[in-house]
Amino acid sequence: MITIYDDRYKVEVVNLILHVQNVEYGVGISAEEQPDILDIQSNYINDGGNFWVA
């Protein structure tokens, strides 16, 4: 089921993003180096956008 992001999913979303970036693609980046993923609400949703999770 696809649903709109809520902060209760934050840990899982950040872990998934970091896994894809660092394990699957070998980027070597931390969450702190991309603060947008640490505050999805402010960076993607509050300005009229959205962020979905499944």
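A nonpolar core is taken here as a set of buried Ala, Val, Leu, Ile, Met, Phe, Trp, Tyr and Cys residues joined through side-chain atoms within 4.5 Å, where buried means under 20% relative accessible area, exposed over 50% and partly exposed in between, with a 1.4 Å probe and protein chains only. The model is predicted, so local features need pLDDT of at least 70 and side-chain atom pairs count only at pLDDT 80 or more, whereas totals for chains, interfaces and linings use all residues. Residues are numbered from 1 along each chain as its sequence is written, and side-chain values use heavy atoms, with hydrogens and water left out.

The largest nonpolar core has six residues: Y5, V13, I40, I45, F51 and V53. In general, nonpolar side chains in soluble globular proteins tend to be buried together. Of the 54 residues in the chain, 22% are buried.

Turning to the overall fold, the chain contains two helices and two strands, in the order β-α-α-β from the N terminus. These elements are DSSP runs numbered from the N terminus, with helices (H or I) of at least four residues and strands (E) of at least two. The C-alpha trace spans about 30 × 25 × 15 Å along its principal axes. Accessible surface, from the Shrake-Rupley method with a 1.4 Å probe and, for residues, only the protein chains shown as cover, comes to about 4,000 Å² for the chain, and 55% of it belongs to carbon and sulfur atoms. With contact meaning heavy atoms within 4.5 Å, 47% of the contacts between residues at least 6 apart in sequence join residues at least 24 apart.

Leaving aside residues up to four places away in sequence, Y5 touches K10, V13, I40, Q41, I45, F51, W52 and V53.

The whole structure holds two aromatic pairs, meaning rings of Phe, Tyr and Trp (its six-membered ring) with centres within 6.5 Å; planes under 30 degrees apart count as stacked, over 60 as edge-to-face and the rest as tilted. Y5 and F51 are paired edge-to-face, at 5.6 Å centre to centre and 75 degrees between the planes. This pair links distant parts of the chain, 46 residues apart: Y5 lies in the loop between β1 (3-4) and α1 (10-24), and F51 in the loop between α2 (40-45) and β2 (52-53). Both Y5 and F51 are buried. The pair of Y44 and F51 is tilted because the planes stand at 55 degrees, with ring centres 5.6 Å apart. Y44 is partly exposed, at 32% relative accessibility, while F51 has a relative accessible area of 18%. Together, Y5, Y44 and F51 form one aromatic cluster.
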